[in-house]
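Here are my notebook entries from an afternoon of looking things up, with the structure open beside me.

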Amino acid sequence: MKVSTVLVAATLLAVADSALAFSPAELMQLLSEVQSSRVQFTETRHSAMLKKPLTLSGQLVYRRPDRLEKHVQAPFVETITIEGSRVTVTRGDKSADRVMTLPAGSAAQGLIESLRATLAGDLPTLERHFAVAVSGSRSAWSLSLSPRDGTLPVVRVAFEGTGDRIQKIEVVESGGDRTVTTISDEVR
Amino acid sequence: MTRRGGVAVLLWVAALAASMAWATRSLVVTTDLSAFLPQAATPEQSLLVAQLRDGVASRLILIGVEGMDASALATIARSMANELAADSKFVFVADGDATRLERERALIFRWRYLLSPAIDASRFTPDGLRVSLDEAVRLVTSPLAPLAKPLVTADPTGELLRLLPVLGGDAAGRSMREGVLFSPDGKRALLVVQTRAPAFDLDGQQAAIGAVRAAFARVAPSDARLVLSSPGLHAVESRARIQADAQLASALTLGGVLLLLASTYRSAWPTLLSAIPALSGLAIGVVVVGVAFGPVHAITLGFGAMLIGEAIDYPTYLFANNAAHESLDQTQARIGRTLMLAVATTACGALAMLLSGFRGLAQLGLLILSGVVVAGLVTQYVLPALTPARALARKRSRPLVDVSRALPFLRRFAWLVGGAIALAAIVVALAVRKGIWDDDLANLNPLQSATRQLDRELREQTGAPDLRYLAVVGDSDREGAIAASERAAAALERAVAQGALAGFDYAARYLPSETTQRQRQSALPDAATLESTLAKAVADLPFRADAFAPFVTDVERTRAGPLLTRGDLDGTALALKVDSLLVRHQGRWIALLPLSGVNDVDTLRRALGDTPLLDLKAQADALVSGYRNQSLRSTMLGLACLVVVLYLGVRSIPVTLRMLAPVLGAVLMTVAALVAFGAKLTIFHLVSLLLVVGVGLNYALFFGRPQATLEERELTLLSVSVAGLATLIAAASLALSSTPVLQAIGMTTGLGAVFAFVASAALSKAS
């Protein structure tokens, strides 16, 4: 009787534990339910090229399935819009818009997908470019991406978040430069 | 066999044997289609012909993949591009993906400070650098920063990014999807490849096209479709079509004529014997062409049909005129003079072709001329000796109609024929006033209009040069020509800004002149100066001054280093670009600037000033019309020669005129009929008309001979009918062809033969 009680308790614990461990599929499922988002960001870049860390701020907009906008408001004004493989850089003056195409399978595409496929909850795309690891729980998770493409000069892209919200992104480059982006609440 | 006959047979056998021997050892058959391009008169025209044979654009294969959704098409196009890029038959593959061109990118990066048009001293002042570095701040904070960073440290002024479009050629007006070149409606993914083989190397082109098709078959699912266009492909297809058409026409003619003869003679001997003069003429004629011109064009050989149709007439005149109880020698003695006259007039008829400026057509003229002469001589001297005494059994069919009534019946309608000729003259006169000639070289092109439409579409969508407008500058040396292309490019830049054209390409873009390179070199600061300028420029920027050490090193290396030379480009697509845009032509160096999307020629001309703008279409049209005028002269010469021969034969001006009248009437009616069918006349119609005169005179000559008996009249009608039908069979076989050149010749000779027959019969004088 006692033995069986222990066994039942152990089984229950094991089941509860596996239910608590947060899998990449579950995180992606959660993220994929977000139709669109608009958030305020602050990005600090630490680089050997710079005298001191450089901070940018503005808004990040995502709309399913593949539109991403980065509106930089300070220290300069610039909007980068990525839709599909098309990248548009806008600086207020329409005639100065620049458009380029991300070559499929390129390092540049991988770099963009680290953010966009995460926002989309698109696990297959992420796994094509990165080894994906998730830890923590639903209420406090972290996602770590390690590039599969050796030509991408990035060591790791790490996300932290809660539920379907991303709170922090850190990109660590091969040479030691890194960029930390913190995301505040949704802008309405 | 008479003694004379024996000698003739010996000579004939010797000539055939010699021809065979020569042919097996020395006969070369060529398929170079430019033999059917006019010989150029002006330097521009010769440049045009050279460009068509081996120009830049003529080596491009434009490839479209359609029939599926955009992402599937993009995948197919990319896989094809990968396969073709690895194939040595291609020197260059462009699917819009600049990463494909790693070697070229590295080359441009190495020489960026000599290649970039933005390089001048102001670029390296504190203010100039400040502008570039402001831009660099944005790059190193962009989402692509990890990739942009190494580039920014070595190239903060962004020269590589400025030069990269050079790799894709001029990107104006092209649309991209999923990193692949696409048509604007997204229904067709596009690829451009450049073959190693020049356009005139048809076997090389055929292999390259085969490789494209094979690559498509390997990577594409069954519902995708492949569309292709390239001058090489068109040439390969034309060659195949012309050869197939000409062979079919020859086979049809031979079969049809043998059937006609068999049903006429109802005996194997005369039918088979009739083939001897024609085949002898063909065999010896080909050798004459080979000796005179070197390589014999495959198309010329294909025209064996024409020759057979004409040469078969002579044995027909001989056999069909052979009266009962008459030996062939007696027949020969009776009609021999007329026969020789007929041979001479037909030979004159081929003169216009022989004297024309198309090498292919001249070969054809010589083939017909020599073949006809040989066939005539063989008929006259060899055939009577070869024909067994009793071979011409009296089994031949009666004439289809009763001759005693038929000819008088036709003659009663002489007024109608006269009226028809008068009407035809009016139609022709009106047509001549409206413009009867077709001077568009494209219409001589054996391509269907659907093929040309596809070519236009693909050219527009890929931004490939449209092969029509070229700015051309030249100099006595290479360096001078490069410098001249830079000056012309500056003028064209202004015209682009004014919207007169979409874009252009030029050699100095890939290899600037030494003068320009030195200017750029001298604008570069030395390392110490650049370092101190950088320090000033970054004073109020987030960058550290020493972040740009690779930049300082590269500028210094270029400043103190050698100039970019043509040899440095070896092994890259840029070498090919330069070599195709900078050509040696007639001892001079010519820089070509192919223009795309030209929409305002006047503005363009004003912008170019003294620089010649070559409109290849106008040049081609001028070439065709100049050449047609020349052919008109040689046709007149041929006609004059015909008239003289005819007069020498009949020794009477009234008889000469009476013979000529129905034939010239037939020419008028033929032209009127062609015009009525909506045809515009080309050079090929023109030279065929002279053939009509030659053949038609044969009918007039035989109808016009003094004929004593009813039997003789019957035989004459029979022989001329059979000869006329043989010509008609040959002409109809050619007219069935889908090749415009063959069709024009077939239609003209066919109509001409019918009209000449009817007019000669109706206008002949009753004896």
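I began with the contacts of Gly704(B): leaving out residues up to four places away in sequence, Gly704(B) touches Val655(B), Arg658(B), Met659(B) and Ser764(B). I kept in mind that this is a predicted model.

Next I looked up where Gly704(B) sits, and found it in helix α29 of chain B, which covers residues 683-704. Is Gly704(B) buried or exposed? I get buried, because 21 other C-beta atoms lie within 10 Å and the cut-off for buried is 20 or more. I also checked Leu763(B), 59 residues apart from Gly704(B) along the chain; their C-alpha atoms are separated by 9.4 Å.

Then I turned to helix α3 of chain A, residues 107-120. With 14 residues at 1.5 Å each, α3(A) should span 20 Å, and I find its end C-alpha atoms 19 Å apart, which agrees. I did note a kink of about 40° in α3(A), centred on Glu113(A). As for cover, 14 of the 14 residues of α3(A) are buried.

My last entry is on a helix pair in chain B. Helix α11 (residues 268-293) and helix α13 (residues 304-311) of chain B pack with their axes 9 Å apart, at an angle of about 140°. I therefore put α11(B) and α13(B) down as oblique to each other. Their crossing is right-handed. On the α11(B) side I list Pro277(B), Ala278(B), Gly281(B), Leu282(B) and Gly285(B) as making the contact, and on the α13(B) side Gly304(B), Leu307(B), Ile308(B) and Ala311(B).

Note on methods:
Residues are numbered from 1 along each chain as its sequence is written. Chains are lettered from A and ligands numbered from 1 in the order in which they are written. This is a predicted model: local features need pLDDT of at least 70, side-chain atom pairs count only at pLDDT 80 or more; totals for chains, interfaces and linings use all residues. Helices (H or I, at least four residues) and strands (E, at least two) are DSSP runs, numbered from the N terminus. A residue is buried if 20 or more other C-beta atoms lie within 10 Å of its own, exposed if 12 or fewer, and partly exposed in between; C-beta atoms are placed from the backbone. Two residues are in contact if their C-beta atoms, placed from the backbone, lie within 7 Å. The expected span of a helix is 1.5 Å times one less than its number of residues. The bend at a residue is the angle between axes fitted to the seven residues ending there and the seven starting there. Axes are lines fitted to C-alpha atoms, for helices over the stretch in contact, and angles run from 0 to 180 degrees between N-to-C directions. Angles under 35 degrees count as roughly parallel, over 145 as roughly antiparallel, 65 to 115 as roughly perpendicular and the rest as oblique. A crossing is left-handed if the near helix is turned anticlockwise from the far one by less than a right angle, and right-handed if clockwise.
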